[in-house]
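This report describes selected features of a single protein chain. The sequence and the structure are shown first, and the description follows.

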Amino acid sequence: MTASRVLVLNSGSSSVKYQLLDMRDSGRLAVGLVERIGEETSRLRHTPLATGGAPREWSAPIADHEAALKAVAQELTKDGLGLDSSELAAIGHRVVHGGKSFTEPTVIDDTVLAEIERLIPVAPLHNPANLTGIRTARALRPDLPQVAVFDTAFHTTMPEAAARYAIDVRTADAYRIRRYGFHGTSHAYVSRATAELLGKAPQEVNVIVLHLGNGASASAVRAGRCVDTSMGLTPLEGLVMGTRSGDLDPAVIFHLARVGGMSTDEIDTLLNKKSGLIGLCGDNDMREIRRRIDEGDEQARLAFDIYIHRLKKYIGAYYAVLGRVDAVAFTAGVGENAAPVRQAAVAGLEELGLSVDAELNAVRADGPRLISGPNSRVAVAVVPTDEELEIAAQTYALVEKNN
């Protein structure tokens, strides 16, 4: 096929992130963000990488996702990269929840849309926004293949022993209660990139991937396939995050309802938006937390210690799940940039063959790199994630295959 460009759209509840890539060399032609959609003052920031031009930014009311995508199309047209271009092969959409139905990238049709909509009860914050972006893009280019790439798809290889919760089976099946996992495009990309860094095929290595951002998740990847991950039915389970609690005794919810008199919505807000690091110390920016620690702030120190304690538990647990670990890979905003987090997460795990070289760990660099100590039997790596490239690659491969 001659068309080689893919537009990647990540539609949030009040934002649209986008990138236009040329899959001949995986080069980025343009990147941008529309935020505060539906508010009095929305903002669009667009960077035309293909022309080397300066970033453009403007603020104005943008009523909805349709208006946002039309604005994106106008900015791309200014650079000769419009949505009407014959070089545009497809549009790839990030969709957060695909349930058990979608195990791989999927060309979107009305049946696919209906199933994504049917999954809204298990992804009420994300799937509606994803659907809005898809419908708007289809209306703008009804002739163009549109592909959904699901956050949950990489984790559908988990065995039932890892995916099932220990509750009544009929109840679980009736309400689709199981562990789905998220950040799947990142875990897929980073696990493969880690194998490449080691000079091996993905099928030859076992990797623990630690995706540490404001949202955070861990995965155990055996021979290129996910066998366990920390997030569950929703992104609330697992690691301590910026504003989410992660693992919690379910009885805490009953206690807050019965003794605290809190409503379901109030508890939901508490655990998703007012917990994690921000609940523990009032900050969810790891840079600010480390600054406070350096100044002797004990509340920040405790928050950091709780964060690391949970992270270390998951490293140990996934070591046990995999049996043999070839690499531990840190990725995403915190994982790629916070050297103290990487150092602390591995400290004390020398008996498991894990150690970090302090000098290598302190170096800031753009590409994948090893930070293992000289006596480390297990590679410790920093691997920048690239979810947009992963979405574009999966989208392009599917469209090429269908053609």
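R94 is found in strand β6 (residues 88-95). Strands (E, at least two residues) and helices (H or I, at least four residues) are DSSP runs, numbered from the N terminus. The model is a predicted one, in which local features need pLDDT of at least 70 and side-chain atom pairs count only at pLDDT 80 or more, while totals for chains, interfaces and linings use all residues. Residues are numbered from 1 along each chain as its sequence is written, and side-chain values use heavy atoms, with hydrogens and water left out.

Along the chain, R94 and D151 are 57 residues apart, yet their C-alpha atoms are separated by 7.2 Å. With residues up to four places away in sequence not counted, R94 touches L9, N10, N130, V149, D151 and I391; contact means heavy atoms within 4.5 Å.

**Helix α6**

Helix α6 spans residues 184-197. From the first C-alpha to the last, its 14 residues reach 20 Å, close to the 20 Å expected at 1.5 Å a residue; the expected span is 1.5 Å times one less than the number of residues. The helix is mostly covered, with 11 of its 14 residues buried. Buried means under 20% relative accessible area, exposed means over 50%, and partly exposed lies in between (1.4 Å probe, protein chains only). The buried residues of α6 are G184, T185, S186, H187, A188, Y189, V190, S191, A193, T194 and A195. Their cover includes the strands β8 (146-150), β9 (206-212), β10 (216-222) and β12 (327-331), together with helix α15 (387-402). Just after α6, G199 takes a positive phi of about 75°.

G184 has its place in helix α6. G184 is buried because its relative accessible area is 2%. Leaving aside neighbours within four places in sequence, G184 is in contact with D151, F154 and H155. D151 is also among the residues that R94 touches. The C-alpha atoms of G184 and S217 are separated by 9.6 Å, and these residues are 33 residues apart along the chain.

**A buried arginine**

R342 lies in helix α13 (residues 339-346). This residue is buried yet has no salt bridge, and the nearest side chain of opposite charge, E336, is 8.0 Å away. For charge, Lys and Arg count as positive and Asp and Glu as negative, while His and the chain ends are not counted. A salt bridge is a side-chain nitrogen of Lys or Arg within 4 Å of a carboxyl oxygen of Asp or Glu.

Which backbone oxygen does the side chain of R342 reach at 2.9 Å? It is the backbone oxygen of G335. Leaving aside neighbours within four places in sequence, the contacts of R342 are F330, G335, E336, N337, V356, N361, R369, I371 and V382.

**Salt bridges**

A search of the whole structure finds 29 salt bridges.

| Pair | N to O distance |
|---|---|
| E57 and R43 | 3.6 Å |
| E75 and R56 | 2.9 Å |
| R138 and D110 | 3.2 Å |

The side chains of E57 and R43 meet in a salt bridge. The pair links distant parts of the chain, with E57 in strand β5 (residues 56-60) and R43 in strand β4 (residues 42-47), 14 residues apart. E57 counts as partly exposed at 43% relative accessibility, and R43 likewise counts as partly exposed at 27%.

E75 forms a salt bridge with R56. E75 lies in helix α1 (residues 65-78) and R56 in strand β5, so the pair ties together parts that are 19 residues apart in sequence. E75 is buried, with a relative accessible area of 2%, whereas R56 counts as partly exposed at 23% relative accessibility.

R138 forms a salt bridge with D110. Since R138 lies in helix α3 (residues 127-140) and D110 in helix α2 (residues 110-118), the pair ties together parts that are 28 residues apart in sequence. R138 counts as partly exposed at 24% relative accessibility, and D110 is exposed, with a relative accessible area of 57%. Salt bridges that share partners also join E35, R43, R45 and E57 into one network.

**Cysteines**

The structure holds 0 disulfides, a disulfide being a pair of cysteine sulfur atoms within 2.5 Å. C226 counts as buried at 0% relative accessibility, and C281 is buried with a relative accessible area of 11%.

Definitions and conventions:
A polar contact is a pair of N or O atoms within 3.5 Å; within protein, one must be able to donate a hydrogen and the other to accept it, and residues adjacent in sequence count only if both atoms are side-chain atoms.
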